[in-house]
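Subject: Structure for your review

Hello,

Here is the structure I said I would pass on. My notes on the pockets and on one residue follow below it.

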Amino acid sequence: MTILSDISLNIVIEETSNINDSIYDLLLLADPAQKIVDEYIARGKVFVANYSGDIVGEYVLINTRPETIEIVNIAIKEEYQGKGLGKLLLKDAVNRASMHGAKVLEIGTANSSIFQLALYQKVGFRITRIDRDFFIKHYDEPIYENGIQCSDMIRLSMDLKQKL
């Protein structure tokens, strides 16, 4: 059995309202702005991936418009990245959004988030728009990823009606 199969078969994903330090560290891994994280976890639903008693990933869903839900944060613990857990969390988010009656699921990431952009498209998200200078306007400190400054937010969405 490969590591990927072992992990995927033994992951339990559940909603939590108990945001402990381990979960908060993951939230900040995906979004370093504590004030912004605090705002959306207060109005969203946090889901955690548990593997053998260890929180290895998380994502946050918020209702943004009628029949539209957005994944505003998703992160995998660094030592578990590259093992298929991101795809597993995204698929779980798609299922939960569908069950809650959403017709559209959205997600956004930085222009510099090369691996995330590829993953989101592999799962079925399509690029819908670009929020120019989003990270420059909303974050106090410059953020760099893959040697590129995060400046624009790439917005992607999935039509959940076609996924049913």
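Strand 4 (residues 68–76) contributes the most to the lining of the largest pocket, with seven residues. The model is a predicted one, and the pocket in question holds about 1500 Å³ of space. Its lining comes to 50 residues. Those nearest the centre of the largest pocket are Ala30, Ile74, Thr109, Gln116 and Tyr120. Sorted by class, the lining of the largest pocket has 26 nonpolar residues, along with 12 polar and 12 charged ones.

The second largest pocket holds about 160 Å³. Helix 3 (residues 34–43) gives the most to the lining there, with three residues. The residues lining the second largest pocket are Pro32, Ala33, Gln34, Lys35, Ile36, His138, Tyr139, Asp140, Glu141 and Ile143. By class, five of them are nonpolar, two polar and three charged.

Glu58 is buried but has no salt bridge. Which side chain of opposite charge is nearest to Glu58? That side chain is Arg96, and the distance is 12 Å, whereas a salt bridge as counted here needs a side-chain nitrogen within 4 Å of a carboxyl oxygen.

Leaving aside residues up to four places away in sequence, Glu58 touches Leu26, Leu27, Phe47, Val48, Asn73, Ile74, Ala75 and Leu89. Among these contacts of Glu58 is Ile74, which is also one of the residues nearest the centre of the largest pocket.

Regards

Conventions:
Residues numbered from 1 in each chain as written. Predicted model: local features only at pLDDT ≥ 70, side-chain atom pairs only at ≥ 80, totals over all residues. Heavy atoms only, no water. Buried < 20%, exposed > 50% of the residue type's maximum accessible area, 1.4 Å probe, protein only. Lys, Arg positive; Asp, Glu negative; His and termini not counted. Contact = heavy atoms within 4.5 Å. 1 Å grid on protein atoms, 1.4 Å probe; cavity = no way out; pocket = protein on both sides within 12 Å on 5 of 7 lines; lining within 4 Å. Points joined across faces, edges and corners; volume = space filled by probe spheres on them. Helix = DSSP H or I, 4+ residues; strand = E, 2+ residues; numbered from the N terminus. Nonpolar A, V, L, I, M, F, W, Y, C, P; charged D, E, K, R; others polar.
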